[in-house]
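Here are my notes for your first look. Keep the sequence and the 3D view open as you read.

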Amino acid sequence: CALVVFGLTLCWGERALGVALITTFPILIVVIWLYGMIAAAGYGLNMVTVAIAAMSPGVGIDYVIHVVVRYREERHGGPGHADALTAVGAASGLALVGSAVSDMTGFLIISRSAMGFFASFGLFSAMMIGLSLIASMLLAPAALTAAEAVRRGRTVRNESAARANDE
């Protein structure tokens, strides 16, 4: 019964599956970056580092969803891919930066705690939010660009070569 429900959901939401992959990809990269930074800082796996990595998809996905939804709204309005990405950066970029900075500031205050676990929780949470912002502003548009190229049946390299030939 569960397989039937899964199959029907997959068929019904086939188009949404692509959007979900585009939205999830940058956050998975954030988890990898975060664990790399945790290791570089000399910390190992403990309750805090595992909890932060488990929380990062839930916290970071909001930033990426904001970018992807805004992009889809812009594309629905008629502009091309590049114009839609420019509009996303202009309209959503400042809001995302402001949100991330205020969240990071709060967690960096927690990182000043004398209690070790709270301090590392605050530090790694701030790092996670900063990485999520970077991923939403750099990786999400890159994933949208790659998806647009696939949708059009061309690779990004072919588009660059076509533009170079036009010049």
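In which helix is glycine 60 found?

1. Glycine 60 is found in α3. Helices here are DSSP runs of H or I with at least four residues, numbered from the N terminus. This is a predicted model, where local features need pLDDT of at least 70, side-chain atom pairs count only at pLDDT 80 or more, and totals for chains, interfaces and linings use all residues. Residues are numbered from 1 along each chain as its sequence is written, and side-chain values use heavy atoms, leaving out hydrogens and water.

2. Is glycine 60 buried or exposed? Its relative accessibility is 0%, so glycine 60 counts as buried (under 20% relative accessible area, with a 1.4 Å probe and protein chains only). Leaving aside residues up to four places away in sequence, glycine 60 touches Ile27 and Ser132. Contact means heavy atoms within 4.5 Å.

3. Now the largest nonpolar core. It has 27 residues, and Leu34, Ile52 and Phe124 touch the most other members. Such a core is a set of buried Ala, Val, Leu, Ile, Met, Phe, Trp, Tyr and Cys residues joined through side-chain atoms within 4.5 Å. α2 (14–40), α3 (47–76), α4 (81–110) and α5 (116–151) each supply at least two residues. α5 gives the most, with 10 residues.

4. Look at Phe124 next. Its contacts, not counting residues up to four places away in sequence, are Leu34, Ile38, Tyr43, Val48, Thr49 and Ile52.

5. Finally, follow α5. A kink of about 35° is centred on alanine 135. That bend is the angle between axes fitted to the seven residues ending there and the seven starting there. After α5 comes glycine 153, with a positive phi near 80°.

Terms used
Buried < 20%, exposed > 50% of the residue type's maximum accessible area, 1.4 Å probe, protein only.
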